Every structure is written in C-alpha cells, then in structure tokens.
Amino acid sequence: MTEEVTINETNTTSAVQSFDPKASASTPEQEGRSNHWEVRTQEQNYAYLPDQPIKEKNRYGKRIDLLDITDVGIEQPEANRSMFINENPEVGSNPNRNKQHGFFFTADNCIGCHACESACAEKNDTPAHLAFRSVGYVEGGSYPDYKRMNISMACNHCDDPVCLKGCPTRAYTKHAEYGAVLQDPETCFGCGYCTWVCPYNAPQLDPVKGQVSKCNMCVDRLEVGLKPACVSACVGNALDFGVIENTPENREQCKTSIPGFPDPSITQPNIRFQQTKSMPIEMTRPDSMPVKYHRNEKGDYKPVIDQKTGKAKHWNFSKLNSRENPLVIFTLFAQAAIGVFFIPFLGALLGVDALINFNQSAMFLPLIITTLTMTTFALLMSVSHLGKPHRFYRGFNNLRHSPMAREGFGLALFSAGCGLIALFSLPTNFWVVEVAQQTLALDLPQLTRDFPLATLIKVTGIFTLIAGFAGLFYMNMCYQIKARPFWNHLQTATSFTGNSLSLGALVSGVIVISTLLVQKQDINQVLTIFASVFITGMIIEGIGLIVHNYQLNRNEDEGGAAHYVQCTTFGKSYLLRNYLLAFNIIASTILLTLQLLNVIDSSLLLVWLVLAILNCFTAVIGRALFYILVIPTTMPGAFFWRNKGFEQHARDIGLADNPATGVAPLH
Amino acid sequence: MLFGRKKRKPITIPQKKVKEWKYTTCNYCSTGCSIEIGLGEDNKIVTSRGHAGADVNRGKLCIKGILEHELFTSPGRGTEPLIRDKHFEEFEQTTWDNALDVTATKIKEIQQKYGRDAFAVVSTGQLLTEEFYTLGKLTRGCIGTNNYDGNTTLCMASAVSGYKRSFGADGPPGCYDDFEHTHCFMAFGSNLPEQHPIIYWRLKEALEKRKFPLIVVDPRVTMLAQFADIHLPITPGTDCVLINSMMHVIINEGLQDTAYIDAHTQGFDEIKALVQDYDPKVAQHECGIDEDTIRNVARLYANAPAAMSIWTMGINQSTHGSDGVANINNLNLITGNIGKPGGTSLSITGQCNAMGTREWSSCSGLPGYRYLENADDRQEIADYWGIDPEFFPKQRGMAQTDIFPAIETGEIKGMWLVATNPMTSMPNTSRIRKMLESLDFLVVQDVYRDVETNQYSHVYFPASVWSEKEGCHTNTERRVNLISKIVPCFANSKPDLWIFNQMAKRFENGKKIKFPDKAEDVFNEMKELSKGQSYGRPRNLDISGMSYEKIIKARGIQWPYRDTDEGLKGTPRLYSDGIFPTKSGKANLIPVKFFNNNEQPCNDYPFWLNSGRVVEHFHTRTRTGKIGNCNKFSPTPYMEMNPDAALALGIEHMSYVRLTSRRGDAVVMVQLTQRVAQNMVFIPFHFHDCVNRLTLGLLDPYSRQPAFKQCSVRIQPVDQAEAARLNVERRSY
C-alpha cells in the first residue's frame, strides 16, 4: 500500500495549462497604457474610467484641473510628471490625471454585500480590524414597509483636507494627480489626530501597528485608466468613480449628501450621490451611537439624538479609566504647569511686592524646576500616547497648518524658556552658590556679574509666558474641530484656561506661601491673589460647563448625543463633578470673603489646601469625561462592524482575542 | 502637490507581483464564478481576481470569492490522518495506509454483521464532479451500501424532486441570460443580493438596461424584497396556496397559454379543478397576501411576453418543498414560460457543485441521471464498470435525513461523512449529537480537523481543498467549469479523488472496476456515460463534447454539449423545443393540494423562527469563519427581531436572549430591526450550537428535505454575562 501513498502529488497535477495572459502574445488591454497596473484580459467596460466632458470648476468654485493651482517651485512642474508610485518613474497614461477625481455613490443601489470592502482589503492587505472602506447602514419604516440604506464610504479626498491640515508630521499630501489625498504611514507617528478631525472616519489608526493608513484612491489603477478596486468590484452598481461633478452614465442625480452623511461644508468632500428613492422620515443606526437622522422640511436628513439607553443615570466610574488616560494627564499637567509659572511671574511683573520678593528668593528656582518637570512629564505623557513614540520629533513638522504641531511647539518653547530661566537663576540662587563654592570652589555671582541676569530672566520669562499662552491657545484649538461638536465649543477653552488657573494656583500657591511662611513674611496679600485666581479658574470652568450643558441640551447633533451619554451612562459621575465644582466655588468664595472682611484668619491654609485638592479630583473626572464622551460626526456603522458598542463587548468577553473577529484586542 | 508641499513623500501601495495567473472556479456557491489566482515568484499565491472574460461573472466576485485564496492556510486544517478507538478518547496521528485499512476493515465488519446497508455514506455538494462520480462508483460499485446520500438533501433535494416530477428529469432549464429577455421576474424565497451576489449583479445589469417588474415573495424584507416593485410578505410555508391562487386567477380569466398547454403538457384538467378551491378571496387568509395583490401579480405574470421565476431555500426548505417547485413549474408551464428566453423555472442552487452531485454522484440512483429502479440503467452502468448488475439495489435507499434517524433505530451502525458538518447543519442538533455518539464507527473526511462533527469520529481523513485539486463543477445554469490544481496539497492532506481511489483498492470490486488516478481520465468516463438516449430521445445531460481544454477556453460550457456540437457555446436553455424527458415527452402538470402541517406559533412558542444565509459566510463557517475579512461582519450569532415585539418583552438592542423551542435552546445577540414581522425572528444558520438546536425540520414527503424555516420559538431573558460566556464557549471559530 505504501507505493500508492507516495505518488500522491504526481496524480493530481494539472492536466491543462492554465490561462496565462502574459504568455499570450497580444495583451491588447494593456496597449497604450502605463505599467502601473496589469489590466485584466478582456477587461469589462465597467472597470475603465469613462471619457466624459469635464467641467472647469466644481460646485464650490474650485478648479477641477489641479495643475493650475498647484504650489509653485515643485520638482517637476509640468503636467506629465511621475507620481513615483512604489518608486516607479513611469508617468501614468491617464489623460485626465491632473483633474480632481471622486467617488460617486448611488445609495439607491447599494446592497451591503461587502464586495467593495473586501476588494479593498485584498488589494491593500489590510488586517481584519482595519478597513479603508466600510459599509454601514441606516434603516427606518415599519414592517413590511421597511427601508434599509447601505452606505459605502472611504476617503473623499476633500478639497479642504482637514486631515492634511491637522497632521503634525506632514504625513499627508494632496496631489495634483487626481486630487488624491495620500498619507505616508512611515512619516506618521500615530497620534491619531487625523482620525479626530476627519468627519468620515477615513484615516485608520491601527492600534496594533501604532500608525495611521488610509485609502490611496488606487492611484496605481487610475494611472492606467482603471477605476479603483472597490468600484470595479461593486456588485450592486452603487459605487462609481470619475472626474468630480461628472454624473455617470445611467445616473440622473449628482448631489452632495444623503441621510447619515456628515455636513459636506466641513471639508468639501469629493463624493457625489444619487439617492432618489424616498426614505422614511426617520432613519436609525444599528450601531451603539445615540444618533439617528430626521428629515427636515427641506427634505434633508439631520442628526438627532437617539436615546438608545434610556434616561437612567449611571456612575460607570471605572470606565473613566480609559486609553485616553495619557491625554488626561498630559493636558492637566501642561495646563497646570503654565499656571504655575504664569501666576507668580505675571504677578511680579504687575508689581505685587510679595511676588517680586519671591522671584528673587532662592525658592524661585525650585518653582521653575517644578514647572519644567510638570511640562516635561506632560510632554512625556503625550509622547507615550503616540503609536510610534520614537518619532516624537516629527511633531513640529506642520506648523503651517496643524494646531497640534503648534501646541507641541508652544509647549516645547515653554519648556525651553523655563530651562533658560532656571539656568539664568542658578548663579544667583543661594543654595547653588553655596554648593558651587563648597564643592568646586567657584564664586558664581562673581563669575556672572557682567551678565544682566535679572533682565535675561525677565525677557526670557516674558518669552516663556507668550510660549505658554500660545501652547494653551493651540491646545484648545486642537479640539475646536467641526467633526467633533462636543469639543468644538467654548467649553474646551474655559476648561483648559480654568484648569490652568485653578491647578496652577494650587501648585504655585503651595510653593510661594510655604516660602513666605518660612521667611516669616505676611501671606495675606498672596493668599488673596492665589485664592482669587483659584476661584476665577473654577468660575471660568463652571461658566463653560453651564453654557455647554445649555447648548448641547438643545443641539440635535453628535455633540448633543455625546451630552446625552454624559447625562445617562456617566450621569452620576457628571453630576458629582458639577456638584463638587459648584461646592468648591461657593466654599472658596465664602472663605475668601470672610478672609477679606477679616472675619477669619488667613491661617486656615489647610482648608484651602483641601479645597484645592478636591478641585484636582474634579478636574480629573471632568477631563476624563471630555475624552471618553466625544462622538464624531462619523458614518453610520453596521451591527457588528464599525459598532463601538460591539467592539467594546468583544474586548470585554474575549471574542476580540480571535483575530478573525476583526476587533483589535488592545492589550 | 497642493497645500505647500514641495518635496514628495513616497507612495507605497502593496504590489502583488504576479508571475502567472491560474484559472479556476469558485468553490463556494453555485453561481460558478471564474477566478484567476495570481502566483508570485516563489509560486505562492499572492492575489486573485475575477476573470473578466468569463460569461458568468464577467470579472466580478463576491466577498467570499475575493478572499477565497486566503483559505488554503487558514487555522484548523487537517494535516495528518487521525485515529482513535472511542470518540471520547484523544486522537492519535496515523498513516494514510493505516487509516484507510482500519476504515475498510470496519466497513466490512459492520456490513458482515448487520448487512450491507448498515454502513452509510453521506457526502456533500462541495466536491468536484470527478470525485462525486468516483465516490458513487466506490459506494454503489464496491462498498455496496444503498444508504448513500449527499447533504444536498438539506438544500436542493426539493428542487431535484420537483424538476423530476414536472419535467421527468433534474436540471434547471434556464440560465442567467434569461434576465436580459424576461418581462416579469418573480423570486420565491430567494435573496440574491445576500446569497448569490453575482447572479444579483447580472439581474441588476439587465434591469439597468431595460426595466421589468420585480416581484419578491419573502416573509422578511430582504434587500431584494426592498428593491422589488411588488413585495409579497407571505405567511411562512404557504407558497403553494399563493401559487394555486395565482393559477386560479390565470385559468379563470383565461390568461393561460392554451396552445402551449395542449402541445407540451399533460394534466391541465386536474390543475384547473384543483385551483377552484383557491379563490384569492379565500386563499388570502391562508397565505397572508390580499386578494387584490394576488390578482394583480397573477395577471402581470400571465400577460408578460416572457416571465420567469427563481427560487431558493424559501421554497426548498419546507414541508411543501417539492410541491412548491412543482407548483412554480405548473405556473410557468400554463403560461408557456419554459425553455424560452426570459421564460423559465430557474432553481438557484446552493453549493458550488450541488449540480455535480445531482448529475454524477449516484446518490439518488446511478450516474448521469440514471435510475436504480430502471433495469436498463443498472445493466448499462454495471457493464461499463465491469461488475454484476445484481450488485446494485433495485430501488434507491434512504436519504440523508432518513439515514440519521436510522442510527436511532439501529439500522445504521457506521457512517462515512465527506465534507459535511451535520453537527451544525442538520435540524435538531441535540438529536444529531445523540445519533453520532452512538455510532459504532464514524469516519469524517474533511478539509478541517476542527469541523464540529469530528468530535464523534473514529477516523479522520484530512482532505485537500479547492485548487489543491483538479476537476469540474456544474453551476446553477448547467455550466461545467474547471477547478485547476494551483497549489500543492496542504501538509499530508489528500485530494478526495485519491482517498476514494485508495479506499476502492481495499474492496473486492475495486479490483474489477477501473479507478483512474487522473481527474481528466475520470471526466472522460463521465463523457462516455453521458452519451446515448433516454426514452428514445438524446440525453440532455450530455457532456461528451467537452474536454478540460475546451472548458477552460470557454470558461465553462453549458450542457447539453454533444461531441457533434461545434463551437464552445453549449446549450443555454433546456426544453426549448417543448419536448420533456418523460415517457410521453410532455411535461406533467401536478396538482398541489396544500395542508398546513408546520409547527405554528402558539401561546407557548409565539414566534416564527426563520433561518437563512448571510453574504459573508458559507455554510457552517468552517472556511469563512477563519477569514477575518469575511468573519468580522458577523463574528458571533445574532437574531433579527422586530423592535415592537422586543419592547413588549423588555428586550434591548445588542443584548443577549435565550430562545427555546420544543427541541432545545440557543443563545443569540439581538439585532432589533423592522425587517422582520412582529411574530417572527430570523437567525443565520451558519453558527454551531445555535439555530439548529431549535429547528424542527419536518421532512418533505417527496424530497425528504427538512423544513428549516418553519417552526416556533419562545424568547426568554438571560443573564448577560453568562450568555456572553456561553456565546464565546459554544464555538471555536
């Protein structure tokens, strides 16, 4: 019997030579086309880009021919320059390669069959937990008058690419070729900021690889005149592609929005739609997002809150502890650090005697070093949040457009300023002078007497102050994102400023007041100043919260939806934070008033300390809520895929440990 | 570059660097799409693409086909033969020789002790036609058991039975090109966008060129139902009432094609008499479709110059499956819609080679649509194989769904399961589990070692899959297409053809019958057997003109394709001449009387339970459950439930519930959607230890196909943490 066993392989070798397009002499399909992509034998019409007349401008007034608006001074300014796809120097044969292209989606036709998604995954080798293109859906009506509308969405290669502008590393490029917005994963350091600003969930942050990648428009196929892989794979005749504003053959509508699609005015996305079938007045999402879409009198569908989890308030305190912890720590420490420096320094500049004295004391250096340490720790936290922390230095590459780059740059300058101040303070610092004298036999004051140290400290200090304010300003600007209405609000600014003041007052107050106490000086004046700043900080934060609550309660968008989650899933934690803040403001104000009226003695420092520490706790809850709650203006998901609720569940029960589940396990 | 960039960033797009494209056909469903697999420099698979020049799919593929080339190395594949004495012991690795020897010895022991039929063979619709034919030769010619069937009993048996009763032989008479010519399209219990996306695309292409009415009969608002011009949300299991009622309208209003009926059918008077009991006024109360709609649809269908019907499991998987098919045939026969462009009765088949097993496996008879009951057929095959015709039984034995219960009664003691997973796929899992547990000997031959049924096997044969082997498929439109061997067999797995051939050597008749090693030599045998006549007319199932070379050149050829035929076209439609393979040459009009024997929703079990397929999964997920980019779209079982019904029971979206039926229970996650009626739930059938723990599966009297889609359940709350744990534990992929 052994004989037959061994001849297994030879039994079953192919009897017929398989079809081999390269072997057949003529490949007419490839003729006249560049070598970027091998056109299939007997390729069908649906796969080729059509030859249609092209409009001069799109509906927003932008030129469709992008060559004319390309920035000058590029390497090869002429029309026929190579894109160097995979370093291939050949120039694409597509005659319209410098025109803005875009997807066309016939929502009437999509059957939700996932062919586009799988064609994309196959071509781009994306793992199961990632996708450049995703199909979600909205549904409405009542059985049997039920309507489901599937939406297939990838990158819209926008006229105003907020991802490109937001990216601190300049990993993004908008090419004159096809208007493609391409991202280089090897430049990306995985901060995920582009995934915050994009309203369509196009950039994909891979938590496993720690970097972002996204739809590349299949520019290799475009170069030879073929439509992207997803379009060519479409089985419902729903997806199409071409020069923007061109309506495909057999289609009669070319509009910019459908139910579930975010406001196109945010980025002027290069996608057009046909959706002629009537939909029910209300369309719901199958995923866990508390958003549905309601038709207004103009026939447009706008997001409204969908109270999916009822109205009951919960604590969910443990859920405040999330993957965003480094950002909670980063922002709080950075803001506090700015406050720690700003309060005594500006106070001294404004001529507060006690603070002028303090700044000239030996304790000024420890205060600056505290500031520096807090900032450094904060920056370290922000770096640890990156997918690729070792690429942190790329964070300033896009100062021209990115608020995040500017935030980082501001904070870096702030740290540098603190460092310089510390350096300039060394020669006049009592302890340093002592140590230098004893160990190295150096007389520092003597050595540096020609340097205008006091002026240097003052000038550097002003510079540092400005850098700190700029850092704080752009930290706030990072969150003023149209795609995240929960953040895109005054509340972000008030919270950041307020925390800077209230937390900064605590730390600098402790250092300054304890110094004055040791020096046996009067602390009444500074205590009043720190207490006032502390209270002001909390009041600013409180006002922001009141306005936020007032407006979001009336906002029928993703911001309102996030607020709904804040008031239900985290309802009790949210209230606790608000009550604590209110209590703190009232208690502190009473305390300060009594102090100013000399009813009580300023020696109630311990009470102040307790209140200030309570405020730290409040600030942490507040900031954790800030990050956990944000709901982006993103595309509807499906029941499993692109459903945050299911992803969380899959992680909780261990289903995510199987890579075929398509949920990155995150541990 | 815009936005101020001057220096270019590298553009890196994965390059597949294909050295050679190899032709093959998809191994999932019966659409029969042509695929080219791209091999890289080291002859490893790097990519695949639809063949743009293939008439079936014209370059398109569905999600499963696009990702199919990833399955060769997926987890859980069988690497070596395994053996054990008792099912509760651990497997030990063994040699092919030993595994085959032990199996052959056990088969013979059981047959000696309990009779030849005490050992059953149950195969599949997944093998290649040459393998089916060889398995038939082995089972009918060497092992000699009459209890031999395929799992096609779970999907296509009703279509086969209905075709045979109406037309005299199996074989779908239409083709996809009919979409281009039809003037009225009616789908019964068929959800093309989800089950057969490429066939849907062909339909959509036809609709974009020329609008024609789309009528969909389905209790659930599927995508196809939503896109229909007229959707008939029928009461489950009552299709025969609807069709009878439509025929009542057609016949009583004189809309039938009398000339066609007279020339090509027999039995019209009986039909005419029967349908008088199905006045739409009465029928509407039974089938849930109002009388106006029934009349409207009936007139539309009858008045169309060409009208066609398709159906899938909504018809087949019911207690009136065979009758349903016969009744659809009745509808098309009385309106003259058989064998003409755009006018047909087209069963949309399930498995990739369900047709191949129907044609050549000898499950229900002898190869090439021959019958055991026919002495000439027995003689012809016995002569061709070189054995005594008396070795053949004179009547077909049990179907799969009768073989399993025969384990309970002790008639069946041993079984060979080939590429089928009854532990997940058959109704009433707990009953199947008990049956498999009690077998004296079970051999499982499958691509995957972790196929759930393997829990109860004594010997496991690791089989090769898809393009690790070579051979043919026949698709829904009778198109024979080729699977090429492109990659070496995985580990020590073997092609099923090789396994059958080796087994044959261990039986007496195996030494008399020729068992060619090469697939094309087997194909040539089938070609020979496909020639000739039946009832004095040339056989329809004639593939004598085909060769692998021609098939690959034509990217599939539709039978009949005789050795005298010129060109590569084949025959798109059967019965275009109005001559049917019955004794009289006329088609039978079969009166179908409806009786409702389904388990109905009641106070204790108030919901209809419906089951079906989702696009990203195939059958019991042994393949698609392991390909992440398929599986992620439904990685865990779920149930569609109406939100209004859920509200009444306090059930929330995305929570778990426990379902109970008179058979058992299942835990599923709830997806609330108005797609289903208030008194119905829908659960995909792909998941192990799930919906089939609940199903009843009453058998169709003709086809023995189970009614998967009609039974009743109760919905109960369940501890969410416990349910989540069960959900993860109940299946390993």
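**Chain contact, sheet and helix pair**

User: What makes up the contact between chain B and chain A?

Analyst: The contact takes 88 residues from chain B and 88 residues from chain A, where residues are in contact if their C-beta atoms, placed from the backbone, lie within 7 Å. This is a predicted model: local features need pLDDT of at least 70, side-chain atom pairs pLDDT 80 or more, while totals for chains, interfaces and linings use all residues. Residues are numbered from 1 along each chain as its sequence is written, with chains lettered from A and ligands numbered from 1 in the order written.

User: Why are α8(B) and α14(B) called roughly parallel?

Analyst: The axes of α8 (residues 239-252) and α14 (residues 321-334) of chain B cross at roughly 20° and come within 9 Å. Angles under 35 degrees count as roughly parallel, so α8(B) is roughly parallel to α14(B). Among the residues making this contact are Ile243(B) and Met247(B) of α8(B), and Ile328(B) and Leu331(B) of α14(B).

User: How do you know that β6 and β14 of chain B pair, and in which direction do they run?

Analyst: Pairing requires at least two bridges found by DSSP. Four bridges join β6 (residues 119-123) to β14 (residues 414-418) of chain B, and the strands run parallel; Phe119(B), for one, has Gly414(B) as its bridge partner in β14(B).

Technical notes: Helix = DSSP H or I, 4+ residues; strand = E, 2+ residues; numbered from the N terminus. Contact = placed C-beta atoms within 7 Å. Axes fitted to C-alpha atoms, helices over the stretch in contact; angles between N-to-C directions. Parallel < 35°, antiparallel > 145°, perpendicular 65-115°, else oblique.
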